[in-house]
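Here is a short briefing on one model. It covers a ligand shell, a set of annotated positions and a hairpin.

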Amino acid sequence: MAVPPLLRAVIMGPPGSGKGTVSARIIKHFGVKHLSSGDLLRDNMQKKTEVGILAKSYIDQGQLIPDHIMTQLMLNEIKSLDQHNWLLDGFPRTVAQAEALNKECHIDTVIDLDVPFETIKCRLTARWIHPASGRVYNLEFSPPKGIDDITGEPLVQRDDDKPETVSKRLQAYDAQTKPVLEYYRKKGLLKSFSGTETNKIWPHIYAFLQTKLPDVSQKDAAKPR
Ligand SMILES: Nc1nc2c(ncn2[C@@H]2O[C@H](COP(=O)(O)OP(=O)(O)O)[C@@H](O)[C@H]2O)c(=O)[nH]1
Ligand SMILES: Nc1ncnc2c1ncn2[C@@H]1O[C@H](COP(=O)(O)OP(=O)(O)O)[C@@H](O)[C@H]1O
């Protein structure tokens, strides 16, 4: 029997559009490997690696990390996922990164979360995360019980979720990341999902991915959450 080709997907959208939240649901239902550039950078910052120390100065300013550093870091990680279906989250974020990725692998689909900036600004100041796993919580949307649901470890707020840094990140998105949407649109790979609530966008993403991969979560497949 022929082995189905491995899925190579990217999830895009402005900061706070719900990439992490939707990725967690995609992992649960479709069992893909998830590689988040932000989680990888935060892990490096926490371990105070050379990349982590350098990244902190950019992230604190709401700026993107230089392309050559980010590309090297991510392409190296991607290699270790060779035999799996994977989903990239937060990379590529510039056209130069998209071109570098294109040289290394063929991308099948790009899921774009099209959420208005006004919606996002409120969300990010209420975001709490569990740094070790990248799990995200929100004071209103998915309220934490004060600690991470799985490990019981404390949650933290991200330094770059301060309102002034959020504005800079949204500007960087407009200037540097929106052209990447155009890059993938021209290749016919872009699938945009518009809305202001993850729970309303998700069933459409779920239906779209079901055309590519089987649901491996087994239970509750009729009502994907
Ligand atoms: N109010 C509200 N918050 C949401 C919704 N979807 C996600 N969030 C929260 O918004 C914040 C940003 O979401 P996240 O998945 O981290 O976005 P990312 O920056 O694109 O990865 C987190 O605190 C989420 O819990 C939603 O539909 N409504
Ligand atoms: N592909 C990338 N290129 C450059 N910088 C990046 C990239 N991915 C993440 N970063 C840096 O890490 C920060 C946090 O990224 P991420 O966790 O994806 O946050 P969000 O999706 O909420 O913006 C970004 O604001 C940026 O400074």
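Which residue in β6 is the bridge partner of histidine 130? The partner is arginine 135. This is a predicted model: local features need pLDDT of at least 70, side-chain atom pairs count only at pLDDT 80 or more, and totals for chains, interfaces and linings use all residues. Residues are numbered from 1 along each chain as its sequence is written, while chains are lettered from A and ligands numbered from 1 in the order in which they are written.

- Strands β5 (residues 127-130) and β6 (residues 135-138) pair in the antiparallel sense over four bridges. Pairing requires at least two DSSP bridges between two strands.
- Strands here are DSSP runs of E with at least two residues, and helices are runs of H or I with at least four, numbered from the N terminus.
- Four residues separate β5 and β6 in the hairpin. Glycine 134, in the turn, has a positive phi of about 85°.
- In a regular strand, side chains alternate between the two faces of the sheet.
- In β5, Arg127 and Ile129 point one way, Trp128 and His130 the other way, and all are buried. Buried means that 20 or more other C-beta atoms lie within 10 Å of the residue's own; 12 or fewer means exposed, and in between is partly exposed, with C-beta atoms placed from the backbone.

**The shell around ligand 2**
- Ligand 2 is surrounded by 18 residues; a residue belongs here if its C-beta atom, placed from the backbone, lies within 6 Å.
- The closest are Pro15, Ser37, Gly38, Leu64 and Gly90.
- Two elements give two or more residues to this shell: α2 (37-46) and α3 (50-59). The most come from α2, with three residues.
- By class, the shell has eight nonpolar, six polar and four charged residues. Gly counts as polar.

**Annotated positions**
- An unreviewed UniProt entry lists residues under "binding site", among them Ser37, Leu64, Gly90, Pro92 and Arg169. Such annotations may be inferred rather than shown by experiment.
- The listed residues span 133 residues in sequence, and their farthest two C-alpha atoms are 24.5 Å apart, so they do not all gather at one spot.

**Two of the listed residues**
- Proline 92 lies in the loop between β3 (86-89) and α5 (95-104). Proline 92 counts as buried, with 26 C-beta neighbours inside 10 Å.
- Beyond four places in sequence, proline 92 is in contact (C-beta atoms, placed from the backbone, within 7 Å) with Gln97, Ala98, Leu101 and Val180.
- Arginine 169 lies in helix α7 (residues 163-186). Arginine 169 counts as buried, with 21 C-beta neighbours inside 10 Å.
- Beyond four places in sequence, arginine 169 is in contact with Pro15, Gly62 and Asp160.

Note on methods: Two residues are in contact if their C-beta atoms, placed from the backbone, lie within 7 Å.
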